[in-house]
Amino acid sequence: MVTYTAVLDVREETVFFLARLLCLRRAELGTRRGRRALGCYRQAVLVLRWFLDGTRIAQLACDNGIGKSTAYRALHEGIDALAAAAPGLPEAIAAAKAAGHTHLNLDGTVIRIDRCAAPGPNGADLWWSGKHKHHGGNLQVLSDTDGWPLWISAVRPGREHDTTCAKAAAGLMSALEQAAAEQMPTLTDLGYEGLAGPALRMPIKKLKGVELKEDQRQYNLLVRGVHAIAERANSLLKTTFKALRRVSVCPWRIGAIAKAAIVLLHLEYGRPLPARHTA
């Protein structure tokens with residue numbers, strides 16, 4: 001066997017943050033000293049290697065001298081610890097208001113998975129996205145005017161439309177309606193046409209055989225131009241974390257993985273998390 005030196009492109013403060021979360025988790029569980037195969041720091045590095053480099057579990061297990069099942073447990077423990085520190089919807093909207101943002105952006109993204117077909121309603125493939133032509137899980141991403149991701153919903157099967165996923169996200173629409181009542185509307189694309197209401201601002205749909213008026217065309221140009229920055233939020237998550245380009249674990253874990261990624265993104269870019277999560 002050949003050993004070699006590698007460097008993980010991550011701030012040491014990020015490793016210490018995750019290691020502290022894991023230490024607190026062990027104290028909460030009452031884990032006795034010496035009962036774990038890895039210390040908190042080494043476990044944090046294992047988790048971050050998976051997020052940033054998409055390192056295979058078999059390789060992580062080999063590098064740390066542990067079994068694959070132990071590596072999986074260490075990984076999921078780290079994911080859960082980070083996801084628990086992610087900002088909730090009220091905190092995310094409050095942070096946007098405090099930063100002086102004039103509006104929010106809502107956009108859906110599909111995270112590719114490598115799972116086989118699974119039966120869904122009416123015999124349809126549960127995780128197959130007809131739009132993207134691959135299996136995946138749908139996430140709703142709320143971002144600010146700069147395209148910075150603030151909040152991510154729980155995962156929904158890839159077969160579901162953005163409108164369905166937004167409706168299923170607990171408290172999302174009521175929170176956006178409250179924000180709109182306080183002069184902070186949310187911009188979307190026409191994928192949310194079924195949710196047209198006071199909370200959302202979206203382009204006007206052109207009907208067959210009916211031409212849009214000049215003011216309607218200008219309105220559409222404005223909304224689409226301002227909302228386009230929302231793609232940056234999805235891009236930031238997928239380009240920073242290889243783990244989000246193709247998920248090989250259970251698809252229902254995608255939501256927790258994405259929430260954990262938001263926490264890591266804040267840490268790596270030096271952006272503070274909402275006060276109640278900052279320790």
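**Entry 1: the cavity**

Which residues line the largest cavity? I started here, keeping in mind that this is a predicted model. I found that Thr109, Ile111, Leu139, Val141, Ile152, Asn234, Leu237, Lys238, Leu244 and Ala258 line the largest cavity. Strand S1, strand S3 and helix H9 each give two or more residues to this lining. Helix H9 gives the most, with three residues. I sorted the lining by class and got seven nonpolar residues, two polar and one charged. The space inside comes to about 40 Å³. My count of cavities of 30 Å³ or more came to one.

The largest pocket has a volume of about 440 Å³. It is lined by 14 residues, and Tyr4, Ala6, Arg49, Gln59 and Asp63 are the closest to its centre. Helix H2 (40-53) and helix H3 (57-64) each supply at least two residues of that lining. By class, the lining of the largest pocket holds eight nonpolar, three polar and three charged residues.

I then turned to the second largest pocket, with a volume of about 380 Å³. Of its 19 lining residues, Val110, Lys131, His132, Asn138 and Asp162 are the closest to its centre. Strand S1 (104-112) and helix H9 (230-240) are the elements that give two or more residues to this lining. S1 gives the most, with four residues. How does the lining of the second largest pocket divide by class, and how many residues are nonpolar, polar and charged? I noted one nonpolar, eleven polar and seven charged residues.

**Entry 2: the nonpolar core**

I wanted to know what sits in the core. The largest nonpolar core has 80 residues. Trp50, Phe51, Leu82, Leu172 and Leu176 have the most contacts inside this core. Helix H10 (residues 254-268) gives the most to the core, with eleven residues.

Leaving out residues up to four places away in sequence, Trp50 touches Thr55, Ile57, Leu60, Leu75, Ile79, Ala243, Val249 and Ile257.

**Entry 3: two positive phi angles**

I also checked the backbone angles. Lys133 has a phi near 60°, which is positive in a residue other than glycine. Where does Lys133 lie? I found Lys133 in the loop between strand S2 (128-129) and strand S3 (134-143). Lys133 has a relative accessible area of 60%, so this residue is exposed.

Gln183 is not a glycine either, and its phi is positive, about 70°. I located Gln183 in the loop between helix H7 (172-181) and strand S6 (186-187). Its relative accessible area is 66%, so Gln183 counts as exposed.

**Entry 4: the cysteines**

Last, I went looking for disulfides. A disulfide is a covalent bond between the sulfur atoms of two cysteines. How many disulfides does a search of the whole structure find? My search of the whole structure found zero.

The cut-off here is a pair of sulfur atoms within 2.5 Å.

Cys40 counts as buried, at 17% relative accessibility. Cys250 is partly exposed, with a relative accessible area of 32%.

How values were computed
Residues are numbered from 1 along each chain as its sequence is written. This is a predicted model: local features need pLDDT of at least 70, side-chain atom pairs count only at pLDDT 80 or more; totals for chains, interfaces and linings use all residues. Side-chain values use heavy atoms; hydrogens and water are left out. A nonpolar core is a set of buried Ala, Val, Leu, Ile, Met, Phe, Trp, Tyr and Cys residues joined through side-chain atoms within 4.5 Å. Buried means under 20% relative accessible area, exposed over 50%, partly exposed in between (1.4 Å probe, protein chains only). Contact means heavy atoms within 4.5 Å. On a 1 Å grid over the protein atoms alone, a cavity is a set of points where a 1.4 Å probe fits but cannot get out, and a pocket is an open set with protein on both sides within 12 Å along at least five of seven lines; lining residues have an atom within 4 Å of a point. Grid points are joined across faces, edges and corners, and a volume is the space filled by probe spheres set on the points. Ala, Val, Leu, Ile, Met, Phe, Trp, Tyr, Cys and Pro count as nonpolar, Asp, Glu, Lys and Arg as charged, and the others, Gly among them, as polar.
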